[in-house]
Amino acid sequence: MQTPPLYIFEGLSKEEVNYFLLMCEPLEFRAGDYIMYEWDESDSRAYLIEEGTVRVSRDHREIALLEKWALFGEIALLTNDPRTATVEAVT
C-alpha cells in the first residue's frame with residue numbers, strides 16, 4: 001500500500017522518517033468510538049486515517065470531518081500540550 005507524502009515529514013531524511021514509521025502502531029476504532037477528548041493530556045501520539053471517517057469537534061461543535069490519509073493529533077505530538085479537539089470515529 002502506498003501512502004501520500006505527509007507535510008509533517010518534510011525536511012526529514014529517509015532515516016528519520018523510517019524511525020517514525022517504526023514507532024507506528026495500528027489501532028482500530030468502530031463508529032461511535034471516541035479517539036480523544038478536548039483538553040485530555042497528550043499521549044504523544046498522532047493519528048493517520050487509513051480507512052474511514054472521523055468527526056472533529058471543539059466546544060461540542062463539529063469543525064471538520066476527516067477522511068482517508070488525513071492526519072490529526074499532531075499538535076500534541078509536537079508540543080505535548082493538551083488535546084485541542086474531540087475526535088470521534090464515524091465509520
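Start your tour by selecting residues 54-58, strand β3, together with residues 61-66, strand β4: the two pair in the antiparallel sense over five bridges. Two strands count as paired if DSSP finds at least two bridges between them. Strands (E, at least two residues) and helices (H or I, at least four) are DSSP runs, numbered from the N terminus. What you have open is a predicted model, where local features need pLDDT of at least 70, side-chain atom pairs count only at pLDDT 80 or more, and totals for chains, interfaces and linings use all residues. Residues are numbered from 1 along each chain as its sequence is written, and side-chain values use heavy atoms, with hydrogens and water left out.

**Stop 1: the hairpin**

Stay with β3 and β4, which form a hairpin with two residues between them. Select D59 in the turn; its phi is positive, about 55°. Next, look across the pair: V54 stands opposite L66 in β4, and R55 stands opposite L65 in β4. Keep R55 in mind, as the tour returns to it.

**Stop 2**

Now widen the selection to the open sheet, whose four strands run in the order β1-β6-β3-β4 with antiparallel pairing. Its edge strands are β1 (34-36) and β4, each pairing on one side only. Neighbouring strands here are turned by 30° against each other on average, direction ignored. For that angle, axes are lines fitted to C-alpha atoms (for helices over the stretch in contact), and angles run from 0 to 180 degrees between N-to-C directions.

**Stop 3: a nonpolar patch**

Switch to a surface view and select L12, Y19, F20 and M23, which make a nonpolar surface patch of about 400 Å². Patches are made of residues with over 30% relative accessible area and no salt bridge; nonpolar side chains (Val, Leu, Ile, Met, Phe, Trp, Tyr) are joined within 5 Å, and like charges within 9 Å. Accessible areas come from the Shrake-Rupley method with a 1.4 Å probe, and for residues only the protein chains shown count as cover. M23 sits in the loop between α1 (14-22) and β1. Is M23 buried or exposed? M23 is exposed, at 52% relative accessible area. Here buried means under 20%, exposed over 50%, and partly exposed in between (1.4 Å probe, protein chains only).

**Stop 4: the salt bridges**

How many salt bridges does a search of the whole structure find? The search finds four. The term means a side-chain nitrogen of Lys or Arg within 4 Å of a carboxyl oxygen of Asp or Glu.

- Select R45 and E25, whose side chains meet in a salt bridge at 3.7 Å, N to O. R45 is in the loop between β1 and β2 (47-48) and E25 in the loop between α1 and β1, so the pair ties together parts 20 residues apart in sequence. R45 is partly exposed at 31%, whereas E25 is exposed at 53%.
- Select R83 and D43, with their closest N and O atoms 2.4 Å apart in a salt bridge. Because R83 lies in the loop between α2 (74-79) and β6 (86-89) and D43 in the loop between β1 and β2, the pair ties together parts 40 residues apart in sequence. R83 is buried at 3%, and D43 is partly exposed at 39%.
- Finish with R55 and E88, a salt bridge whose closest N and O atoms are 3.2 Å apart. R55 in strand β3 and E88 in strand β6 are 33 residues apart, so this pair links distant parts of the chain. R55 is partly exposed at 29%, while E88 is buried at 16%.
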